[in-house]
Amino acid sequence: MHTESDPTCPPDAGWYHDRRYRVFKQAKAEIGHLLGYFEARHSHNGHTVQTETGQEVINFSGYDYLSLSRHPEVQKATLDAVARFGSSAGASRLVSGETPLHQALERRIAEFLGVERALSFVSGHGANVTTIGFLFGKNDLIVHDAYIHNSVLEGIKLSGAERRSFNHNDIQDLEEKLKQTRHFKHVLVVVEGVYSMDGDAPDLRAIVALKAKYDFVLMVDEAHSLGTVGETGRGIAELYRVPPEAIDILMGTLSKSLVSCGGYIAGRRDLIDFLQYNCPGFVFSTGLPPANAAAALAALDIIDREPALVEELQDKARYFLDQAHAAGLDTGTAGGTPVFPIYLDQHAAILACNALREGGVNAFPIIYPAVSRSAARIRFFLNRAHSHAQIDKTIRLLSSYLSTLSDPGLAA
Ligand SMILES: Cc1ncc(COP(=O)(O)O)c(C=O)c1O
């Protein structure tokens, strides 16, 4: 029905009367123009990006941690895959979508992580949703870190399992939540290897130790820890020197350090076999494009061959954190990872990002509803190719902008 107050209201559009739509519409009108969302870039998403006018800006918004997306081997593998297999998998993997590239990628992921098998999915988000939704059900309990990624939450909703959240990285609270689980059929605990909003990591050894006391399946989302933590980039198990098989479901993405698109689940042969023939988001979905498999495979080969790339990223991450602390910036619990939040009041975070952009630095504010209203921040993803000078310039620009915030008009 068209309303008097808004003649554009489409008839029978259920969402139009949804409170979430009204909140969104108001927020978009108030601050949308300040956020820079959906602004097209005109180059690859590297340590710098080119704007529409050809200006090169320092970029902290891309996931290419190891700076591989334009590596000649990655590019060649991608182009060769398109030339040989075309642009699409063309069908579900089960029925003719399969190529040797899919098989090689999955063997390589499993080998790299030190587990029996892996399976690739067309989306990292989708991998979490469909795997959790498929493996767990209404008689199960899923316990997750309070800061867990949206894809895990969506998977839990789909599963119908009971959900309990524990305070971020709080092992004691996790144990409390595990104490009353007797009437559930299965219990799943889900954490991230590196928290993508906070740049910290869970105490994996302590979580694994809980497995001896409580019976649960452990799942770790390694979207931001693969290629970034552990001596050779093998992720959270390597970081804590925990045997990889202690993690029952290792989830990761192809879209971050592996500079492609898609996700994977890795673990025991029986788990992967079960998913490969039954998991809806795998079986009833066209396979990963061969070119994406090729790109991820080439990136993984490079990381395996050149652990110095991971070391360089980790050195730069230490440098970023040291400089941020020296400038008095609040990075919360971040440390040991290439992800850095800088906490500010929501309004200040938005304005500071605009000031950074004017100064030639691309970083985005993370605001409600992505995080709670009191936890707004600017988030920085480090890229191995960032120079010390680029990091220095960024911290300098940010602190000099923040020093103007003693003006109450700006901080309001
Ligand atoms: C922790 C985490 N899990 C899953 C995903 C989804 O992965 P993808 O972007 O590859 O779909 C993301 C994406 O940023 C993430 O940060």
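Me: Where is Val259 placed?

Reply: In this predicted model, Val259 sits in the loop between S8 and S9.

Me: Is Val259 buried or exposed?

Reply: Val259 counts as buried, because 29 C-beta neighbours lie inside 10 Å, and the cut-off for a buried residue is 20 or more.

Me: And what is the phi of Val259?

Reply: Phi of Val259 is near 40°, which is a positive value in a residue other than glycine.

Me: What about the phi of Arg241?

Reply: Arg241 is not a glycine, yet its phi is positive, at about 50°. The residue belongs to the loop between helix H8 (236-239) and S8.

Me: Why does Arg241 count as exposed?

Reply: Arg241 counts as exposed because it has 10 C-beta neighbours inside 10 Å, and a residue is exposed with 12 or fewer.

Me: Turning to H3, how far apart are its end C-alpha atoms, and what span should the helix have?

Reply: Helix H3 (residues 100-113) has 14 residues, so at 1.5 Å a residue it should span 20 Å. Its end C-alpha atoms are 20 Å apart, in agreement with that expectation.

Me: Which residues of H3 are buried?

Reply: The buried residues of H3 are Leu101, His102, Leu105, Glu106, Ile109, Ala110, Phe112 and Leu113. They lie on the same side of H3, because they cover an arc of only 165° around the axis.

Me: What comes just after H3?

Reply: Gly114 follows directly, with a positive phi of about 80°.

Me: Where is Ser87?

Reply: Ser87 is in the loop between H2 and H3. It is exposed, as 10 other C-beta atoms lie within 10 Å.

Me: Which residues is Ser87 in contact with, leaving aside neighbours within four places in sequence?

Reply: Ser87 is then in contact with Val82, Pro289 and Ala291.

Me: Now the ligand. Which residues come nearest?

Reply: Gly124, His149, Ala223, Thr253 and Ser255 come nearest, of the 14 residues around the ligand.

Me: Which helix gives the most to that shell?

Reply: Helix H4 (residues 124-135) gives the most, with 3 residues.

Me: How do the residues of the shell divide into nonpolar, polar and charged?

Reply: The shell around the ligand has 11 polar residues, 2 charged and 1 nonpolar.

Me: What does the domain assignment give for the chain?

Reply: The assignment gives domain 1 (30-59 + 307-404) and domain 2 (72-305). Their centres, taken over C-alpha atoms, are separated by 27 Å.

Me: How many residues are in contact between domain 1 and domain 2?

Reply: On the domain 1 side there are 17 residues, in contact with 15 residues of domain 2. The elements giving two or more residues to that side of domain 1 are helix H12 (308-326) and strand S10 (339-343). The residues on that side of domain 1 comprise 11 nonpolar, 5 polar and 1 charged.

Me: Last topic: which residues does the cis peptide bond with omega of about 10° join?

Reply: That cis peptide bond joins Tyr368 and Pro369. Pro369 lies in the loop between strand S12 (364-366) and strand S13 (377-381).

Key
Residues numbered from 1 in each chain as written. Predicted model: local features only at pLDDT ≥ 70, side-chain atom pairs only at ≥ 80, totals over all residues. Helix = DSSP H or I, 4+ residues; strand = E, 2+ residues; numbered from the N terminus. Expected span 1.5 Å × (residues − 1). Arc of directions from axis to C-beta. Near = placed C-beta within 6 Å. Nonpolar A, V, L, I, M, F, W, Y, C, P; charged D, E, K, R; others polar. Contact = placed C-beta atoms within 7 Å. Domains from an automatic or database assignment.
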